[in-house]
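Here is a friendly walk through this model for someone opening it for the first time. Please keep the sequence and the 3D view at hand as you read.

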Amino acid sequence: MIAVWSQELDNPAAYGGYTVDAIRPQLTEWVNRTSGTLTFRTTQILTGHGCFDKYLCRIVGCLPSPDCRQCGAPDTALHTLVECAAWAPQRFELETHVGPVDSLCDLVKAMLQSSDNWGAAVTFCETVMSLKEAAERDRERSPAARANASSRGRRPSAGTRRGRIS
Ligand SMILES: [Zn+2]
């Protein structure tokens, strides 16, 4: 099972280096964990595939800019998790429970340490990603976004499901 997973992590089409680097050092613990369910929003943070402006711009193609709407830096899962000042209150809450989180690897390690940590991580992901999704829904409903989408013959969409982790 671990060998299969390890091979799967080598598939760059399925997982980016961001996820692989975080999970590989803890792959055995990750696969053998007896608790800890992933939510869709936690998976977005873990895979980088989701409601992040860089992903929506470069991969999904529904945004003109990859930059964070909160602070202007390139918006990625890592930016959301460790950098963006907009999510400082939620990050403070997370780090109060699990200690410093400077990378996805730190988060994964903390999640594997206890179910309380796992819960704190899920709470962070759920809270922050639902705020980001709400902002994206507002943008999609704006007249400019609708005009842009119909002129390109496609509807933009947040929350695409790519990559899987179980
Ligand atoms: Zn930001």
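1. A residue is called buried if 20 or more other C-beta atoms lie within 10 Å of its own, exposed if 12 or fewer, and partly exposed in between, with C-beta atoms placed from the backbone. By that count, 28% of the 166 residues of the chain are buried. This is a predicted model: local features need pLDDT of at least 70 and side-chain atom pairs count only at pLDDT 80 or more, while totals for chains, interfaces and linings use all residues. Residues are numbered from 1 along each chain as its sequence is written.

2. The chain has 10 helices and zero strands. Helices (H or I, at least four residues) and strands (E, at least two) are DSSP runs, numbered from the N terminus. Two residues are in contact if their C-beta atoms, placed from the backbone, lie within 7 Å. Among the contacts in the chain with a separation of 6 or more, 53% join residues 24 or more positions apart.

3. Now the interior. A nonpolar core is a set of buried Ala, Val, Leu, Ile, Met, Phe, Trp, Tyr and Cys residues joined through C-beta atoms within 7 Å. The largest one here has 30 residues, and L107 and A121 have the most contacts inside it. Two or more residues each come from helix 2 (17-23), helix 4 (40-47), helix 5, helix 6 (77-83), helix 7, helix 8 (104-113) and helix 9. Helix 9 gives the most, with seven residues. Leaving aside residues up to four places away in sequence, L107 touches L81, V101 and A121.

4. Which residues of helix 4 are buried? They are R41, T42, T43, Q44, I45, L46 and T47. With seven of its eight residues buried, helix 4 is largely enclosed by the rest of the structure. Its buried residues pack against helix 2, helix 6 and helix 9. After helix 4 comes G48, with a positive phi near 80 degrees.

5. Next, see how helix 4 meets helix 9. Helix 4 and helix 9 pack at about 90 degrees, with their axes 8 Å apart. That makes helix 4 roughly perpendicular to helix 9; angles under 35 degrees count as roughly parallel, over 145 as roughly antiparallel, 65 to 115 as roughly perpendicular and the rest as oblique. R41, T42, Q44 and I45 of helix 4 meet A121, V122, C125, E126, M129 and S130 of helix 9.

6. Helix 7 (residues 88-98) also packs on helix 9 (residues 115-141), at an angle of about 175 degrees and with the axes 9 Å apart. Helix 7 is therefore roughly antiparallel to helix 9. On the helix 7 side, the contact uses Q90, L94, H97 and V98. Helix 9 brings D116, N117, A120, A121, F124, T127 and V128.

7. Last, please look at D53, which lies in helix 5 (residues 53-60). D53 is buried, with 25 other C-beta atoms within 10 Å. The C-alpha atoms of D53 and P66 are separated by 4.8 Å, although these residues are 13 apart along the chain. Not counting residues up to four places away in sequence, D53 touches L63, S65, P66, D67, C68, R69 and D75.

Definitions and conventions
Axes are lines fitted to C-alpha atoms, for helices over the stretch in contact, and angles run from 0 to 180 degrees between N-to-C directions.
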